[in-house]
Amino acid sequence: MKHVTVPKDRIGVLIGAGGETMREIEARAEVRLDIDSETGSVRVESVGDPIVAMNGPDIVKAIGRGFPPEDALRLLEDDMQMFDLIDIEAATRNKKDLRRKKGRLIGENGRTRELMAELSGAEVVIYGTTLGTIGSPEQVDAVRSAAEMILDGAPHGAVYSFLERRHNEMRSNDIQYHQFSDGSRSA
């Protein structure tokens, strides 16, 4: 059994209309959720396959950190999906610095966050003082590296170039490993 704290303004999203989202999480992740709407505390208890249930707390955490339920449920799609959270506040000196760095991560009209998602192939959400990512280990690593570059003060152009390079590497690796039935590699 695990305990996860969800911001009060995200409890409604976690429960869903008439409890629909909560029931879907319970069924697909093979867990039981005990949600305290007053405190935001969520108890996640395994009721089925413990391997599948291991994703339950991350699904709840992801919804609590701003992901739509359908994106959080991607964690169940295959074993390679993972959830990563970066604490933006830990990289700042004060509230003003936090606002500035969070603004740099979001970018003008949300463009930097969109590019991180688009070029990595991961889902990326900035909520409160965190940046959350859902994707394969390679995708999550690309977003984490880009976010750390931005938090360290790198120019956006350099970060975009890095993301484009990683995007091309990931595409190249995907092509390299697809094989035809006769064993020859596709190019």
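The model is predicted: local features need pLDDT of at least 70, side-chain atom pairs count only at pLDDT 80 or more, and totals for chains, interfaces and linings use all residues. Residues are numbered from 1 along each chain as its sequence is written, and side-chain values use heavy atoms, with hydrogens and water left out.

Trainee: How much area do domain 1 and domain 2 bury between them?
Mentor: Interface size is often given as the accessible area lost when the parts come together. Here buried area uses a 1.4 Å probe and is summed over both parts. Carbon and sulfur atoms carry 66% of it. The total is about 1,100 Å².

Trainee: Which residues in domain 1 lose the most area to domain 2?
Mentor: Three residues together make up 58% of what that side buries. They are Arg 65, Phe 67 and Arg 74.

Trainee: Which side chains meet in a salt bridge?
Mentor: A salt bridge needs a side-chain nitrogen of Lys or Arg within 4 Å of a carboxyl oxygen of Asp or Glu. The count between the two domains is one. At 2.9 Å, N to O, the pair is Arg 74 and Glu 123.

Trainee: How many residues of domain 2 are in contact with domain 1?
Mentor: Contact means heavy atoms within 4.5 Å. Domain 1 supplies 14 residues. Domain 2 supplies 16 residues.

Conventions
Buried area = accessible area lost by both parts, 1.4 Å probe.
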